[in-house]
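User: I would like to go through the labels attached to this model and the cut-offs behind them.

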Amino acid sequence: MKTIFEALRWASSYLTEAGRDRNAAEILLTDQLNIDRSKLLASFHDVISESDFARFKKSVELHHQGVPVQYITGKESFYGREFSVNEHVLIPRPETEEVVEAVLSEAERVFHGTDRLKAVDVGTGSGAIAVTLALESPRFSVTATDISEQALSTARHNADRLGAKVDFLCGDLLEPLIARQKKADVIVSNPPYISEEDMRTLSDVVRLHEPAGALTDGADGLQFYKRFMKEIPSVIADQALVVFEIGWTQGNAVKDMFHRFFPDADVRVKKDLNGKDRIVCAVIEQHS
């Protein structure tokens, strides 16, 4: 029989050996025992049951092999809420919380005094952006699209569990809106922007386990932005706010793309908390 301390010590050293994050051991054990971290630390000398240790050991071995902790526990925190995640969806990142912040602040600036805004989250994955926008701002009427039915199923589950009203549509980029002649005031997306070349440099935890179609366009990382430029005019009314998450080297390329397709657009590149280009916001006026 092992104590909690001994179980953690074994797991931390086993994971460190494989170059994994040793803190994963704590996350996996708190999840297995269904307790928080402070309770875990206070229970160091308690004996862990054989069945709990066996399940914990299995989780640790999965992470040792490279499976992300979030796929093992089935959850990740985003904007203060817990989202269900699985191998069909990208794991939400802290940088994407900053995309939500940008949408909320820019929408307030651009559409000040407007009660209702139609927002669409394109390539919603787990639904993190769409659900958060619906819950953070009652003025947003939110639609979310994804090409993957499995991703949409996860997003729907998150919306239901968190009590968010979101309309989900299956299809490629903005096509589901174009087909239904739906218009949007706000378009937000965290598209696959990692280039094929940069994919090779990612850790195997990300590269081999998160859905490749949500990470890369298989080319230079800019292909989805180019497609957006062609589809955006079909779904916007007089004025629209477009907010994209980007790779840290893509700020100028995406900004130039906006100016090429929408010469009068007001385009801003915003940095993330690490001081890297991460978000492009564009206000587009459509003249009939």
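User: What should I know about the model before reading the values?

Analyst: It is a predicted model, in which local features need pLDDT of at least 70, side-chain atom pairs count only at pLDDT 80 or more, and totals for chains, interfaces and linings use all residues. Residues are numbered from 1 along each chain as its sequence is written, and side-chain values use heavy atoms, with hydrogens and water left out.

User: Why are α1 and α2 called oblique to each other?

Analyst: The axes of α1 (residues 4-17) and α2 (residues 23-33) cross at roughly 135° and come within 9 Å. Axes are lines fitted to C-alpha atoms, for helices over the stretch in contact, with angles from 0 to 180 degrees between N-to-C directions. Under 35 degrees counts as roughly parallel, over 145 as roughly antiparallel, 65 to 115 as roughly perpendicular, and the rest as oblique. α1 and α2 are therefore oblique. Helices here are DSSP runs (H or I, at least four residues), as are strands (E, at least two), numbered from the N terminus.

User: Which residues make up the contact of α1 with α2?

Analyst: From α1, I4, L8, A11, S12 and L15 meet A24, A25, E26, L29 and L33 of α2, where contact means heavy atoms within 4.5 Å.

User: What makes the W10 and F53 pair edge-to-face?

Analyst: Rings of Phe, Tyr and Trp (its six-membered ring) pair if their centres lie within 6.5 Å; planes under 30 degrees apart are stacked, over 60 edge-to-face, and the rest tilted. The ring centres of W10 and F53 are 5.8 Å apart and the planes lie at 65°, so the pair is edge-to-face. W10 is in helix α1 and F53 in helix α4 (residues 50-64), 43 residues apart.

User: Are W10 and F53 buried or partly exposed?

Analyst: Buried means under 20% relative accessible area, exposed over 50%, and partly exposed in between (1.4 Å probe, protein chains only). W10 has 24%, so W10 is partly exposed. F53 has 16% and so counts as buried.

User: What is the label for the F78 and Y79 pair?

Analyst: Tilted: the centres are 6.4 Å apart, with 40° between the planes. F78 has a relative accessible area of 1% and is therefore buried.

User: Why does S126 count as buried?

Analyst: Its relative accessibility is 4%, so S126 falls in the buried class. S126 is found in the loop between β5 (117-122) and α7 (128-136). Leaving aside neighbours within four places in sequence, S126 has contacts including F83, V89, P92 and N158.
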